[in-house]
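Hi,

Here is the structure I promised to pass on to you. Please have a look at it first, and then read my notes below.

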Amino acid sequence: MAETAYVALGSNLEQPELQLQRAVDNIDSAPHIAVSACSRLYRSDPVGPPGQPDYCNAVVAVNTTLEPIQLLDALQSIENAHGRVRSVRWGPRTLDLDIILFGDQTVESERLTIPHYQMHVRNFVLCPLLDVAPELELPDGTALQVMVDKLGYQGLNVIAESYPWI
């Protein structure tokens, strides 16, 4: 049975808008994964070491028959194909794909935490998520809209209204 999951996308290297657009296409063409909705494209201030370029961010809703760890493996394979290098925590990257929610499941493992452990403090995740799932409630019952209202849109700029973005 298919489950709905939400994946956050981010990039600040090598044509970020193009990186994200290609990533959405790669996710949608991966076995057992279908993109069902895509947020607007946002530009955001970088989190992490200073001196980085701004990020482009989006969220996609996917329907998948994969288990959470299998979805993670598929997403990491796409990141690797985009030249992702994991050398500096929160450093610049060609592509970052994070599972932020997977149905109403909670997962705590060495490799994966769902809901994403930082989503509640990242408006560059919550605001695009609101685009694709405005009525969403988190597994703990918190309404997504309440979280967005708390964080707001500070530091975010919409740079494309609908997918495809470029």
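What follows is a short tour of the places I looked at. Please keep in mind that this is a predicted model.

I began with the loop between strand 1 (3-11) and helix 1 (16-29), where Asn12 is found. Is Asn12 buried or exposed? Its relative accessible area is 3%, and the cut-off for buried is under 20%, so Asn12 counts as buried.

Which residues does Asn12 touch, leaving aside those up to four places away in sequence? They are Gln52, Pro53, Asp54, Tyr55, Pro92 and Arg93. Two of these neighbours also pair with the Asn12 side chain through polar atoms. With Gln52 the polar contact is side chain to side chain, at 3.1 Å.

Neither is a glycine, yet Glu14 has a positive phi of about 50 degrees and Gln15 a positive phi of about 55 degrees. Glu14 is exposed, at 58% relative accessibility, and Gln15 is exposed as well, with a relative accessible area of 56%. Asn12, by contrast, is buried.

**Two cis peptide bonds**

Ile114 and Pro115 are joined by a cis peptide bond with omega at about -5 degrees. Pro115 sits in the loop between strand 7 (113-114) and helix 3. Another cis peptide bond joins Tyr163 to Pro164, and there omega is about 0 degrees. Pro164 belongs to the segment after strand 8 (156-160).

Now to helix 3, which is mostly covered, with 9 of its 10 residues buried. The buried residues are Asn123, Phe124, Val125, Leu126, Cys127, Pro128, Leu129, Leu130 and Val132.

How does helix 3 (residues 123-132) meet helix 4 (residues 144-151)? Their axes come within 10 Å and cross at roughly 135 degrees. That angle lies between the range for roughly perpendicular, 65 to 115 degrees, and the cut-off for roughly antiparallel, over 145, so helix 3 is oblique to helix 4. The crossing is left-handed. On the helix 3 side, the contact is made by Asn123, Leu126, Cys127, Leu129 and Leu130. Helix 4 contributes Leu144, Gln145, Met147, Val148 and Leu151. Sorted by class, this contact has 8 nonpolar residues, 2 polar ones and no charged ones.

Asp131 is also in helix 3, and at 29% relative accessibility it counts as partly exposed. Which residues does Asp131 touch beyond four places in sequence? Ser39, Arg40 and Tyr42 are the ones, and the side chains of Asp131 and Tyr42 are joined by a polar contact of 2.9 Å. Asp131 is also 9.3 Å from Ala58, C-alpha to C-alpha, although 73 residues separate the two in sequence.

If you open the model, I would begin with Asn12 and its contact to Gln52, and then turn to the crossing of helix 3 and helix 4.

Best wishes

Notes
Residues are numbered from 1 along each chain as its sequence is written. This is a predicted model: local features need pLDDT of at least 70, side-chain atom pairs count only at pLDDT 80 or more; totals for chains, interfaces and linings use all residues. Side-chain values use heavy atoms; hydrogens and water are left out. Helices (H or I, at least four residues) and strands (E, at least two) are DSSP runs, numbered from the N terminus. Buried means under 20% relative accessible area, exposed over 50%, partly exposed in between (1.4 Å probe, protein chains only). A polar contact is a pair of N or O atoms within 3.5 Å; within protein, one must be able to donate a hydrogen and the other to accept it, and residues adjacent in sequence count only if both atoms are side-chain atoms. Contact means heavy atoms within 4.5 Å. Axes are lines fitted to C-alpha atoms, for helices over the stretch in contact, and angles run from 0 to 180 degrees between N-to-C directions. Angles under 35 degrees count as roughly parallel, over 145 as roughly antiparallel, 65 to 115 as roughly perpendicular and the rest as oblique. A crossing is left-handed if the near helix is turned anticlockwise from the far one by less than a right angle, and right-handed if clockwise. Ala, Val, Leu, Ile, Met, Phe, Trp, Tyr, Cys and Pro count as nonpolar, Asp, Glu, Lys and Arg as charged, and the others, Gly among them, as polar.
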